[in-house]
Amino acid sequence: MGRRILITRIGWFLSHRLARRLEEDPDVEYILGVDLAPPAGDLQRTEYLQVDLRKPVLLKIIESTGIDTVVHLNLYSTPGEAGGRGAMHDLNVIGAMQLFAAIQRSETVKQLIVRSSTAVYGADPNDPAVFTEDMMRSSRTDPFGRDSQEIETYARELARRRRDIEMTTFRFANILGPGADTPLANYLMMPVVPTILGFDPRLQFLHEDDATDLLVQALERPVGGVFNASGDGVMYLSQVIRQGGRLELPMPLPVLSAAAPFLRLAGRGLSIPPHVVRLIHWGRVADTRRLRETFGFEPRYTTRDAVREFYAERRLRRVTRTQQAAAWERELHDFLTRKGQERFLASTRGRGPRDL
Amino acid sequence: MPEAQVVPINRDEPDRCRAVTVRGQPCRNRAVEGSMFCRIHQPSSGSRAPTGGLPPSLGSLAEGDVTDIFEFLRRRMRGEYEIDVFGFDRELTELLLPLIRPLVRSYFRVDVIGNERIPSTGPALLAANHAGTIPLDGVVLRGVVWEHEPHRHVRELVADLGFTIPFFSQVVRKTGATVACVEDTMRLLKAGELVAVFPEGFKGVGKRFKERYRLQRFGRGGFVEVAMQARAPIVPVAIVGSEETYPMVANLRPLARLLGLPYFPITAQFPLLGPLGLLPIPSKWVIEFCEPVETAHLPEDAASDPMAVFEVTDQVRQSIQRTLLKNLRLRRSILG
């Protein structure tokens with residue numbers, strides 16, 4: 001009997017990629033994706049169910065579908081995506097509580113993968129340069145980091161009560177790559193990137209392909225524990241911006257904070273949410289030794305590779321758009337010629353007998 | 001000065017040097033046989049920086065050097081340079097270090113004693129006294145260590161307050177320093193780096209002139225514990241001269257508290273002399289690297305024995321204090 005997998009927040013770009021990968025795996029018998037909104041792209045055999053995680057419906061779903069593995073990727077990083085800070089907190093924390101409560105009751109679930117973020121470490125000038133997994137701070141973080149911390153706390157409680165469930169928690173660094181749709185990715189795509197005057201934070205990135213591979217490996221060869229996940233190497237924000245051929249616009253923090261809400265009004269994808277502001281102020285680097293040595297995963301892309309691919313692919317996409325336009329034009333042309341020929345043929349056909 | 005003379009400039013003339021002089025005029029020297037350049041402008045392949053950084057001398061630029069510089073600038077503009085996890089930008093640092101050479105050699109005329117005691121490889125902890133209101137001692141120590149074989153980079157531990165200051169925090173990180181905390185010290189030592197710590201911290205830099213050359217309390221001795229754990233030797237460093245750069249006459253505590261600073265100094269020259277008061281007094285410096293305190297021979301669990309840690313801390317402290325008093329006698333006056 002194959003595996004039966006539940007993925008939460010299937011609408012997130014990485015969940016979608018994971019589902020696509022799992023669909024190709026013959027050992028995976030059934031995939032169920034739940035979310036408030038339907039998945040963005042097309043999926044072959046993944047079943048989608050509109051579910052509000054805050055409501056106690058998950059146990060019924062898990063029982064009726066015989067789910068044995070849960071990949072909990074439901075984690076909103078910005079109030080904007082979730083519809084307000086209150087909704088974000090509820091979706092993140094209450095959603096996780098509901099899910100974990102259901103898993104604790106369930107008899108079928110054998111494995112749980114939890115998405116967390118390196119934001120749990122916060123970002124602060126007092127912090128050590130590199131965070132290892134045991135350096136979690138209680139305070140000094142943003143709403144996103146706090147939600148991640150709370151989710152991890154509930155996950156630990158679940159792990160303590162259900163020792164038979166193999167649980168892996170990944171603290172993802174910022175995910176970047178051709179298809180990455182994250183607040184930080186949007187920020188880095190601005191043609192003129194506002195930065196904080198006098199500060200140049202250290203950043204690290206995980207390529208989206210590595211993130212997907214990591215989740216797949218965790219499903220195939222489960223190793224319990226908490227792991228930081230990031231590509232090798234560190235870059236300064238200024239380096240990232242320059243590599244992308246963008247312009248840096250340094251401004252004092254109060255000006256940036258004041259301008260951030262107006263940016264959101266100016267257009268979608270232009271907002272700078274609080275956790276990004278914190279990150280571009282102080283930066284954050286996590287140690288990935290445990291991921292390599294204990295979990296046994298070697299990221300294929302370094303931080304620099306992720307940045308390069310991110311910008312290269314976006315530029316390519318713009319090219320693709322013009323190519324697509326050309327293709328459409330060709331299609332339209334073909335269509336019109338075909339129609340024209342048909343009309344011509346029809347007219348000759350129509351004329352033919354009459355002439356005869 | 002050579003007499004001005006009219007020389008027909010023919011750039012394709014085979015026996016003339018192809019280089020451009022500092023003044024932007026074509027070089028008029030004869031080219032060395034078998035080469036396109038004269039003896040002065042001969043591109044020296046051996047002396048060029050191996051990292052692809054700037055050529056060591058900017059005095060006379062050959063065409064190759066100019067291309068190198070442009071390539072270097074292009075690379076920097078594209079953000080294509082490596083930093084380590086702490087944010088250390090080696091390339092930039094090696095560009096900046098020669099700039100402090102005049103400060104070390106001509107301004108403070110630093111005499112160095114015992115530079116052979118700087119470990120040439122492997123992890124080590126330099127523990128130095130801290131003074132001078134504005135911590136120039138960190139900069140000078142870096143320059144001194146880098147001047148001597150094998151040109152190691154000092155990785156300073158800087159108080160967390162330093163990382164909240166705009167621009168300063170950037171420079172500090174990019175030149176290889178990091179937050180003074182146990183985790184970072186351990187990581188640096190494990191990586192085999194030469195780490196510098198000023199155990200007196202703000203108590204040292206912020207002390208008044210009348211307390212000069214009196215070592216302040218050494219934090220909690222955390223740095224000794226880490227060095228013992230990492231089995232790295234501790235090299236006590238006694239710096240004479242830093243105390244007189246900005247003699248602090250008074251400390252305006254209320255103003256400091258208002259501005260969130262550890263101290264607000266009134267020095268002999270500031271604010272009396274206005275912006276000029278920011279110039280340090282050119283005192284004569286003597287830096288001595290003392291006999292290293294080895295930690296490798298200590299028992300395995302010594303780092304978790306507070307008494308053993310205190311003993312080592314005391315040994316380091318006394319070594320610095322003794323050397324300070326000894327070297328103070330080497331100077332006839334503050335200035336020389």
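User: Which residue of β9(B) does B:Val112 stand opposite?

Analyst: In this predicted model, B:Val112 stands opposite B:Ile287 in β9(B). The two strands involved, β1(B) and strand β9 (residues 286-289) of chain B, run parallel and are joined by three bridges.

User: What makes β1(B) and β9(B) count as paired strands?

Analyst: Two strands pair if there are at least two bridges between them, and three bridges join β1(B) to β9(B), so the pair meets that requirement.

User: Why are β1 and β4 of chain B said to stand at the edges of the sheet?

Analyst: The sheet is an open one of seven strands, in the order β1-β9-β6-β2-β5-β3-β4 (chain B), and its pairing is mixed. Because β1 (111-113) and β4 (178-179) of chain B each have a single partner strand, one side of each is left without a neighbour in the sheet.

User: Which helix of chain B touches β4(B), and at what angle does its direction stand to that of β5(B)?

Analyst: Helix α6 (residues 182-190) of chain B packs on the sheet, where it touches β2, β3, β4 and β5 of chain B, and its direction makes about 150° with that of β5(B).

User: How many residues does each chain bring to the contact between chain A and chain B?

Analyst: Chain B brings 20 residues and chain A brings 18 residues. On the side of chain B that touches chain A, the elements giving two or more residues are α5 (168-174), β4 and α6 of chain B, and α6(B) supplies the largest share, three residues. That side of chain B divides into nine nonpolar, six polar and five charged residues.

User: Why is strand β6 of chain A called largely enclosed?

Analyst: A residue is called buried if 20 or more other C-beta atoms lie within 10 Å of its own, and six of the seven residues of β6(A) (residues 166-172) are buried, so the strand is largely enclosed by the rest of the structure. It pairs in the parallel sense with strand β5 (residues 111-117) of chain A over seven bridges, and with strand β11 (residues 225-229) of chain A, again parallel, over five bridges. Within these pairings, A:Thr168 is the bridge partner of A:Ile113, while A:Phe172 stands opposite A:Ala229.

User: How do you know that the length of helix α5 of chain A is close to the expected one?

Analyst: Helix α5 (residues 143-161) of chain A has 19 residues and reaches 27 Å from its first C-alpha to its last, which is close to the 27 Å expected at 1.5 Å a residue. Its buried residues, among them A:Phe144, A:Ile151 and A:Leu158, pack against α4, β5, β6 and α10 of chain A.

Terms used:
Residues numbered from 1 in each chain as written. Chains lettered and ligands numbered in written order. Predicted model: local features only at pLDDT ≥ 70, side-chain atom pairs only at ≥ 80, totals over all residues. Buried ≥ 20, exposed ≤ 12 C-beta atoms within 10 Å, placed from the backbone. Helix = DSSP H or I, 4+ residues; strand = E, 2+ residues; numbered from the N terminus. Expected span 1.5 Å × (residues − 1). Contact = placed C-beta atoms within 7 Å. Axes fitted to C-alpha atoms, helices over the stretch in contact; angles between N-to-C directions. Nonpolar A, V, L, I, M, F, W, Y, C, P; charged D, E, K, R; others polar.
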